Amino acid sequence: MLTRNLLDNFGRRVDYLRISVTDRCDFRCVYCMAEKMNFLPRPSVLGLDEIYLLAERFLALGVRKIRLTGGEPLIRPGILGLCERVASLPGLDELCITTNGSRLARLASPLFATGLKRLNISLDSLRPDRFRQLTRTGDLNQVLAGLDAALAAGFQQIKLNCVVMKGRNDDEILDLVAFAIRHKVDISFIEEMPLGRITEHRRVESFYSSAEVRTRIAEHYTLIESTETTNGPSRYWRLAEAPSIRVGFISPHSENFCAACNRVRITAEGKLLLCLGNEDSIDLKKVLECAQGDVLKLDQAILGAMKMKPRKHDFQVSDDVQIVRFMSMSGG
Ligand code: SAM
Ligand code: SF4
């Protein structure tokens, strides 16, 4: 009988799985992708049944929360059916999706009907021209219509994600907080991570720390530190002036979150990544192919992989490429 706890060598329990359902995207955000990307050939990408089986085995081994991400998960054909199947798996406490919002206007309602309850929507600017610059192809109005559709569909747990870049959108921090308050949704500010080779800007120049974001917010609001968690990397604050929303900070550089890390990721091609900032992985697509339906072999491979989870990542604020894979590959 195999243990039902995914424990690593440092006593951390892994109960959160993020799955990249595609490496493709309709945006090309400047911090996430190069302008010209080579995407995986389709046969290399995990099939929907493979994703479902992996979700099922991780849940059987003690995972409680699954996030579907990408690339852009809502451009993957069959995503609604996958959400529906995964949402009804035993052992699952929470199914979430992270999306750029471009297709939400049409998909929010059917997505809600699948049983998915939590949505993260990326939003780095409220200015259409700047939004287009940062995403290279994105249309702000489509994303805002997507947010409205998600609220109308009944989603009650929505969080905006904003990557803050010095000189690019740091002057919108207060506008974004006010927007979140008006729409009664949470918001997290993310420090840019050195994932993938980009030439559009120098990451060392665009870095903007979570502490600087809080200083900006504190010019207008009283921030109250909170112990709440969504079982992810965000640390939360409340605002005395708008206590119903949470303001989160994802600070891989300045407030390294490794000690409490409970996450692993499956890339679009089925690699199990034990750490976002580290290349160690095992090839679960290959394991699936060799196991030929023998779930014990799959479970053993997953349990064994936990011992490879490193103590911490070593991200530095620098322009050197520290991890060659893009966030869109990793299941960001
Ligand atoms: N396409 C979806 C989206 O944008 O929400 C899901 C995938 S995206 C890779 C997931 C999150 O990672 C987004 O909130 C995005 O802003 C963030 N992200 C991408 N590249 C990043 C980087 N280099 N540093 C920090 N956050 C990044
Ligand atoms: Fe696409 Fe999301 Fe990456 Fe932007 S952050 S390029 S929307 S995967």
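Arg203 is found in helix H7, which covers residues 203–206; helices (H or I, at least four residues) and strands (E, at least two) are DSSP runs numbered from the N terminus. The structure is a predicted model, in which local features need pLDDT of at least 70, side-chain atom pairs count only at pLDDT 80 or more, and totals for chains, interfaces and linings use all residues. Residues are numbered from 1 along each chain as its sequence is written, chains are lettered from A and ligands numbered from 1 in the order in which they are written, and side-chain values use heavy atoms, with hydrogens and water left out.

With a relative accessible area of 9%, Arg203 is buried (under 20% relative accessible area; exposed is over 50% and partly exposed in between, with a 1.4 Å probe and protein chains only). Its side chain makes a polar contact of 2.8 Å with the side chain of Glu192. Such a contact is a pair of N or O atoms within 3.5 Å; within protein, one must be able to donate a hydrogen and the other to accept it, and residues adjacent in sequence count only if both atoms are side-chain atoms.

Turning to the rings, the structure holds 4 aromatic pairs (ring centres of Phe, Tyr or the six-membered ring of Trp within 6.5 Å; planes under 30 degrees apart are stacked, over 60 edge-to-face and the rest tilted). One of them joins Phe27 and Phe131 edge-to-face, at 6.0 Å centre to centre and 85° between the planes. Phe27 lies in the loop between strand E1 (16–20) and helix H1 (48–60), and Phe131 in helix H4 (residues 128–135), so this pair ties together parts 104 residues apart in sequence. Phe27 is buried at 5% relative accessible area, and Phe131 is buried at 3%.

Another edge-to-face pair is formed by Trp237 and Phe249, at 5.5 Å centre to centre and 90° between the planes. Trp237 belongs to strand E8 (residues 235–239) and Phe249 to strand E9 (residues 242–250), so the parts tied together here are 12 residues apart in sequence.
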